[in-house]
Amino acid sequence: ALVEAPLADTLAAADELVDLASGDGVVLAYGENLVHAPAVATALRACRRLGELTHLEVRIAQGRPDSAAHLEAEWGGGAMFDPGAHGVALAMLLAAPARVTQVQARLTGGRDGIEVDDDATVSLTFDTGLTAQLRVTWRAAAPGWDAQAASPSGAVRLELVPDPTVELNGVPRTLVEPPPGLASPA
């Protein structure tokens, strides 16, 4: 089965997916659509050139969603639930092959009568000792999705919103042109 974000709306549902995936002959995969974005693919290749990362930061900022349902607890969560799931996936992709060993999160919300979080700060600790920082907010006046990664040998900067760009050590990288007709060129 291919699972897309949001992965699950409760911890019990996530545990159930893990249990299902441990069965004989069962393959459960997370299908992160960001993997196919030309800017992300370029940033991943650039990160592999850096070697083991010592710094990783992912930021996702945008305004509140248009749908009122996304602001209610019954939907399953707030900013961390979506788009935060994409930020976690991006951090894990950029840090690979390192694996997450610890997660700490601080979710805040309840402003203006909404029932879910509208701002989150997450620390992902990896088995290499790297601690990645993730910031997700629905409190931004203008949207911005970006990431920075560094090692002793260099740095990569990825910007997805508002305009997809990648830099390796301050030098812009050429992005592959996406096929025509896509809803989003990112």
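Colleague: Which residues touch the most other members of the largest nonpolar core?

Modeller: In this predicted model, the largest nonpolar core has 40 residues, and Leu56, Leu90, Leu94, Val156 and Leu158 touch the most other members. Among the elements that give two or more residues to this core are helix 2 (38-50), helix 3 (84-95) and strand 8. Helix 2 gives the most, with seven residues.

Colleague: What makes Leu158 a residue with contacts beyond its neighbours in sequence?

Modeller: A contact requires heavy atoms within 4.5 Å. Leaving aside neighbours within four places in sequence, Leu158 is in contact with Ala39, Val40, Ala43, Leu90, Trp145, Asp146, Ala147, Thr165 and Val166.

Colleague: Why is Glu159 called buried?

Modeller: Glu159 has a relative accessible area of 19%. The word "buried" applies under 20%. Glu159 therefore counts as buried. This residue lies in strand 8 (residues 154-161). Beyond four places in sequence, Glu159 touches Trp145, Asp146, Pro164 and Thr165.

Colleague: What makes the pair of side chains of Glu159 and Arg157 a polar contact?

Modeller: The distance given for this polar contact is 3.3 Å.

Colleague: Why is Asp119 called buried, and where in the structure is its place?

Modeller: Asp119 belongs to strand 5. Its relative accessible area is 5%, and since buried means under 20%, Asp119 is therefore buried. The side chain of Asp119 is joined to that of Thr137 by a polar contact of 2.8 Å. Beyond its neighbours within four places in sequence, Asp119 is in contact with several residues, including Ala79, Arg106, Arg135 and Arg139.

Colleague: How do you know that helix 3 is largely enclosed by the rest of the structure?

Modeller: Helix 3 is largely enclosed because 10 of its 12 residues are buried. Among them are Gly84, His86, Leu90 and Leu94. For Gly84, the relative accessible area is 0%, so this residue is buried. Gly84 touches Ala79, Leu134 and Val136, not counting residues up to four places away in sequence. From C-alpha to C-alpha, Gly84 and Arg135 are 8.2 Å apart in space, although 51 residues apart in sequence.

Colleague: What span is expected for helix 3, and how far does it reach?

Modeller: At 1.5 Å a residue, 16 Å is expected for the 12 residues of helix 3. From its first C-alpha to its last, the helix reaches 17 Å, which is close to that value.

Colleague: What makes strand 3 and strand 6 a pair?

Modeller: Five bridges join strand 3 to strand 6, whereas pairing requires at least two. The two strands therefore pair, and they run parallel. Arg135, in strand 6, is the bridge partner of Arg59. Helix 3 packs on the sheet, and its direction makes about 160 degrees with that of strand 3.

Colleague: Which strands stand at the edges of the open sheet, and why is one side of each left without a neighbour?

Modeller: The open sheet has eight strands in the order 4-5-6-3-7-8-9-10, with mixed pairing. Strand 4 (100-109) and strand 10 (171-172) stand at its edges; each has a single partner strand, so one side of each is left without a neighbour in the sheet.

Conventions
Residues numbered from 1 in each chain as written. Predicted model: local features only at pLDDT ≥ 70, side-chain atom pairs only at ≥ 80, totals over all residues. Heavy atoms only, no water. Helix = DSSP H or I, 4+ residues; strand = E, 2+ residues; numbered from the N terminus. Buried < 20%, exposed > 50% of the residue type's maximum accessible area, 1.4 Å probe, protein only. Polar contact = N/O pair within 3.5 Å; in protein donor to acceptor, adjacent residues only side chain to side chain. Core = buried A, V, L, I, M, F, W, Y, C linked by side-chain atoms within 4.5 Å. Expected span 1.5 Å × (residues − 1). Axes fitted to C-alpha atoms, helices over the stretch in contact; angles between N-to-C directions.
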